[in-house]
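Please consider the structure shown here.

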Amino acid sequence: MVKQRDSLASSVVLNGRYEVKTSLNTTTVERCYKVYDRQDKKEKWMKEFYPISICNRGQDGQVVVVKGEENRRVYHSSKECFEHSYRQLALHPICGLPAVEQIFSENNTTYIVLKKREGELLSKILRKSGGRMSYDKSLPMVISILGILEKTHKQKLFSLELSKDMIFIPKESKKKEKIILLSFAGARRSLYLEKQDDVFLKEGLDAPEWGQRNVREETLDIYNLGALWYEMLTGIKAEMTPLRKPSELGIDLPENVEEMMLRCLQKSPRERWQSVEEMLAYLPMEKKKHNSFQQKLMPLAFILIMGVISILVAGEIRKEVNFSVPKGEEAKEGEPFGVPIVNETTIVEQSITAASVSFDEQEVVTESGITVRGAEETPEETPKEMLWDNSDGELEEKSEDKTGEKSEQNPEKNQGKRRSKSQRNENLSEKPSSAQRRKSKKKSVKKKTSPQSDLFDMW
């Protein structure tokens, strides 16, 4: 005889592709498994509709058996409610709810295949922190739940399963998903309305009118959220009468937040918040502190990073311009690396030096007052020799030979020729002319001053 089981055994294959690996968690309405998809070669989640109080397993350990005509009616009506919620979610995905990949029927029940995520349940996180959580850590989660409820209510999807065992915290997510709500509570409420069995009621989380018909379902979710937040902060279920304030239990939180939470937990639905939008409007500053902080931080971080990159790039460009070494050349020893950029000051200094040297090489005044072009120190490099012509008073140029070769001049002979010419000049005029006196005075000034000052005097 095969032993009956509440959960499917491992290695069972469903729909010809999903191999059951382990059972993750169990509720009064459904079972959740980790399965391996042989077709996609990935691990996924799979939910099975299995209300524990009205059904059990068959002899094979897989088929769901419901005994009694009344139980079968309730079973099929609640199963339809179970399928409806996930079919709506498959048609209109909502950020913060699991992604539905496939819905199929087998073993006299319904299976929902969901995309698997990495993370951990809220119940596990609370156990690690001693059963409760600080206000600063809980507020972002509550704001995320409010955002999910706002979207689901617009699509007429109500009665989400807001409990610490059905809230999943993903480790890493590219989307803006801080939490994921794993299940709906519509099928559980349908079973409770039909059977009035307390096994389908969660004490401390469900509203007092949970088992009544024709009530506003928005207020049921609002009460459920307030009860969950109260338990997260205090570690105590919100079922005591009268309900003690969190501040009386030593919980540090703003006064307006405490008032908002206690209004969620009012016994009368009319005294509670009537919509999620009202709750979000009541916490504008708290929402900005947590949601807008990262939005403001990202642009500042981007500007800071771009500024650092700009400084680094500018430094590299400056190095390349000021100290660029041509290909095939290396910096000489004792000199700075690279070839410095030529600026305006360098150009002016080089121009002054070149002009000064050119000026010194153009004129040489002898003691007798005769001006000769070309430097006396290097007569062998002087291409032309300038002589004085008494006939017309102009300088006479001695050119090259016809063969194109330069005639080599003897400095002593040239000096003698110059003296003979000067003697004839002296015979013509005993006193030097005014132009000669000016040039003699200019020569004396040149010996005392620098080449740069000579250039300035010339100008």
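The questions below take up the sheet, the helices and the aromatic rings.

Me: What kind of model is this, and how are residues numbered?
Reply: This is a predicted model, in which local features need pLDDT of at least 70, side-chain atom pairs count only at pLDDT 80 or more, and totals for chains, interfaces and linings use all residues. Side-chain values use heavy atoms, with hydrogens and water left out, and residues are numbered along each chain as its sequence is written, from 1.

Me: Which strands are the edge strands of the open sheet of six strands?
Reply: Strands are DSSP runs of E with at least two residues, helices are runs of H or I with at least four, and both are numbered from the N terminus. Two strands pair if DSSP finds at least two bridges between them. The order in this open sheet is β1-β2-β3-β4-β8-β7, with antiparallel pairing. The strands that pair on one side only are β1 (13-14) and β7 (100-106).

Me: Which residue in β8 is the bridge partner of lysine 44?
Reply: Strand β4 (residues 42-49) pairs with strand β8 (residues 109-115) over five bridges in the antiparallel sense. The partner of lysine 44 in β8 is lysine 115.

Me: How do the planes of phenylalanine 49 and tyrosine 75 stand: stacked, edge-to-face or tilted?
Reply: Rings of Phe, Tyr and Trp (its six-membered ring) pair if their centres lie within 6.5 Å; planes under 30 degrees apart are stacked, over 60 edge-to-face, and the rest tilted. By this rule there are eight aromatic pairs. For phenylalanine 49 and tyrosine 75, the centres are 5.3 Å apart and the planes 50 degrees apart, and the pair is tilted.

Me: Is α3 roughly parallel or roughly antiparallel to α5?
Reply: Axes are lines fitted to C-alpha atoms, for helices over the stretch in contact, and angles between N-to-C directions run from 0 to 180 degrees. Angles under 35 degrees count as roughly parallel, over 145 as roughly antiparallel, 65 to 115 as roughly perpendicular and the rest as oblique. Helix α3 (residues 135-154) packs with helix α5 (residues 217-234) at about 165 degrees, their axes 11 Å apart. Therefore α3 is, relative to α5, roughly antiparallel.

Me: At roughly what angle do the axes of α1 and helix α4 cross?
Reply: The axes of α1 and helix α4 (residues 186-195) come within 8 Å. This makes α1 roughly antiparallel to α4, as the crossing angle is roughly 155 degrees.
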